[in-house]
Amino acid sequence: MIFFGTKSVYLKAEKAEIKSCPKCNAKESLVNHFFSKYFYILGIPIIPAPLHKWGKTVCTSCEHILKGKALPLKARKVFQSQKDKARPKWWEYSGLLLLGGFLIWNMVNHSLAAKKMIAYLSDPKKGDVYFYEKENGRYSTIKVRGRKTDSIFVSFNQYETIEFWAVYGLDENANYLSKHGMRIEEIIEMYEAGFILDMKGM
Ligand SMILES: [Zn+2]
């Protein structure tokens, strides 16, 4: 299987502006056929290839093919304008549509997750654990010890990790020593600034 490249696509047929076939003399027998190309990746059409459109004039009676200068001037002009108007098929944009759909899906998902996270952070409970990035670029955890209206008591983990995936292993009771007061608002600000990256149980 070839992973990417271009493929031809048949666009449409239009009546040619020629009275009769120069070879078999059949009346009104000439038809213009138009083609273009599209790019594909893994067999999925991505977008139509720009400037890749062509056509030919074929006699339906004797299958004689007329091209370029073989056509009278008037027929050539009609051929050209029909070719310009021949639009790509919608499915030639499949890859682009899929990508657009994926991006929208991703955005919606992301904003739903953020909404859920803010709802949790706005109503902290004893035992909640936040996974966050420290100002030095390393990762650690914060544990909620208690709540008093719009403030919480938290313990900062005394350890940190270089890689984010490793931070989940730090959430051990023995690692939390100190106790500090924080406003719930501060926690939400930390999340919105991109420092709180996850929450236990999310
Ligand atoms: Zn003919």
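Two strands are taken to pair if DSSP finds at least two bridges between them. Under that criterion, β5 and strand β9 (residues 196-199) pair in the antiparallel sense over three bridges. The strands and helices themselves are DSSP runs numbered from the N terminus, with helices being H or I runs of at least four residues and strands being E runs of at least two.

The structure is a predicted model, in which local features require a pLDDT of at least 70 and side-chain atom pairs count only at pLDDT 80 or more, while totals for chains, interfaces and linings use all residues. Residues are numbered from 1 along each chain as its sequence is written. The pLDDT is the predictor's confidence in each residue, on a scale from 0 to 100. The chain averages 93, and 99% of the residues score at least 70. Confidence in the chain is lowest in β3, with a mean of 92, and highest in strand β5, with 97.

The domain assignment divides the chain into domain 1 (4-95) and domain 2 (123-199); such bounds come from an automatic or database domain assignment. The C-alpha centres of the two domains are 65 Å apart.

An open sheet is formed by four strands in the order β1-β2-β3-β4, with antiparallel pairing. Its edge strands are β1 and β4 (65-66), each of which pairs on one side only. Strand β3 (residues 44-59) is joined to β4 by two bridges, and Thr57 stands opposite Leu66 in β4. Helix α2 (residues 94-122) packs on this sheet, touching β2 and β3, and its direction makes about 155° with that of β3. Here, contact between two residues means that their C-beta atoms, placed from the backbone, lie within 7 Å. Axes are lines fitted to C-alpha atoms, for helices over the stretch in contact, and angles run from 0 to 180 degrees between N-to-C directions.

The expected span of a helix is 1.5 Å times one less than its number of residues. For the 29 residues of α2 this gives 42 Å, which agrees with the 42 Å between its end C-alpha atoms. Burial is judged from C-beta atoms placed from the backbone: a residue is buried if 20 or more others lie within 10 Å of its own, exposed if 12 or fewer do, and partly exposed in between. By this count α2 is hardly covered, since one of its 29 residues is buried.

Lys89 lies in the loop between α1 (73-85) and α2. Lys89 counts as partly exposed because it has 15 C-beta neighbours inside 10 Å. Lys89 and Ser36 are 53 residues apart in sequence, yet their C-alpha atoms are 9.7 Å apart in space.

Most residues other than glycine have a negative phi. Glu28, which is not a glycine, has a positive phi of about 50° and lies in the loop between β1 (4-15) and β2 (30-41). Glu28 is partly exposed, because 13 other C-beta atoms lie within 10 Å. Thr149 likewise has a positive phi, near 40°, and is placed in the loop between β6 (139-148) and β7 (151-156). Thr149 is exposed, because 6 other C-beta atoms lie within 10 Å.

Five bridges join β5 to β6, and Phe131 stands opposite Thr141 in β6. The hairpin of these two strands has five residues between them, where Gly137 takes a positive phi near 85°. Towards β9, Tyr130 stands opposite Met199. Elsewhere, β7 and β8 pair in the antiparallel sense over four bridges, and the bridge partner of Ser151 in β8 is Arg183.
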